[in-house]
Amino acid sequence: VIPDLLAIEAYNELALYLDSLGPSSIDVEIRTLPRNCLLPMIDFFLNQTRTTRNFEITQAHIGLFLAAWGEELSEMSPEETKLPALLGEVKRGWARVETLFSDVLALTSFLAGQQV
C-alpha cells in the first residue's frame, strides 16, 4: 500500500493509512519498504513536518525509518536523500514546540500570581 501511495504522492492518504495501523504493523511496513521507496518516503516526511500535523507520530515514524534504513541512506549523497532538508524541518518543528511550551509556562506563571 505504501509504495502505491508514494507513487502518486498521496501524502494525506498515507498519513491516514499509517494512523490506522498498530505499532507492529507500522514497523513491518517501514522495514519492508522497497529500496525505490526510500527517497519518496523522505519526501512524505518532509511534507508531514512542514504541515505540523501529527508531529509526535511523524517523529516516531522518522526515527523508525532511520533506524531501519539509516545505513542504506548513509551510502547515498546527502543531496540525493534530502536528509539535510528533513533535519532542518525537524529542527524547526522542535523549535515551534519549544516556543509553545515557553508560552504556556509564561501564561501559567502569570495566572499563578493572580488573585481570584
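Predicted model: local features only at pLDDT ≥ 70, side-chain atom pairs only at ≥ 80, totals over all residues.
Contact here means heavy atoms within 4.5 Å.

**Confidence**

The protein chain has a mean pLDDT of 91. In that chain, 98% of the residues reach 70 or more. Confidence is highest in helix H3, at a mean of 95. It is lowest in helix H6 (residues 78-81), at a mean of 80.

**Helix H7**

Helix H7 runs over residues 83-112. Its 30 residues reach 43 Å from the first C-alpha to the last. That is close to the 44 Å expected at 1.5 Å a residue. Its buried residues are Leu86, Gly88, Glu89, Val90, Gly93 and Val97. They pack against two helices, H4 (38-51) and H5 (55-74).

Is Thr49 buried or exposed? Thr49 counts as buried because its relative accessibility is 4%, and the cut-off for buried is under 20%. Leaving aside neighbours within four places in sequence, Thr49 is in contact with Thr58, Gln59, Ile62, Leu86, Glu89, Val90 and Arg96.

**The nonpolar core**

In soluble globular proteins, nonpolar side chains tend to be buried together. The largest nonpolar core in this model has 27 residues. Those with the most contacts inside it are Ile2, Leu6, Leu14, Met41, Phe44 and Phe65. At least two core residues come from each of H1 (2-7), H2 (11-20), H3 (23-31), H4, H5 and H7. H4 supplies the largest share, six residues.

What does Ile2 touch, leaving aside its neighbours within four places in sequence? Ile2 is in contact with Leu14, Tyr17, Leu18, Glu29, Leu33 and Met41.

**The cavity**

Rolling a probe the size of a water molecule over the atoms shows where empty space is left. A search of the whole structure finds one cavity of 30 Å³ or more. The largest cavity has a volume of about 40 Å³. Its lining is made up of Ala15, Leu18, Asp19, Phe44, Gln48, Asn54, Ile57, Thr58 and His61.

Phe44 lines the cavity and is among the core residues with the most contacts. Leu18 also lines the cavity, and Leu18 is in contact with Ile2. Thr58 is another lining residue, and Thr58 is in contact with Thr49.

**Helices at a glance**

| Helix | Residues | Value |
|---|---|---|
| H6 | 78-81 | mean pLDDT 80 |
| H7 | 83-112 | span 43 Å |

Technical notes. Residues numbered from 1 in each chain as written. Heavy atoms only, no water. Helix = DSSP H or I, 4+ residues; strand = E, 2+ residues; numbered from the N terminus. Expected span 1.5 Å × (residues − 1). Buried < 20%, exposed > 50% of the residue type's maximum accessible area, 1.4 Å probe, protein only. Core = buried A, V, L, I, M, F, W, Y, C linked by side-chain atoms within 4.5 Å. pLDDT = per-residue confidence, 0-100. 1 Å grid on protein atoms, 1.4 Å probe; cavity = no way out; pocket = protein on both sides within 12 Å on 5 of 7 lines; lining within 4 Å. Points joined across faces, edges and corners; volume = space filled by probe spheres on them.
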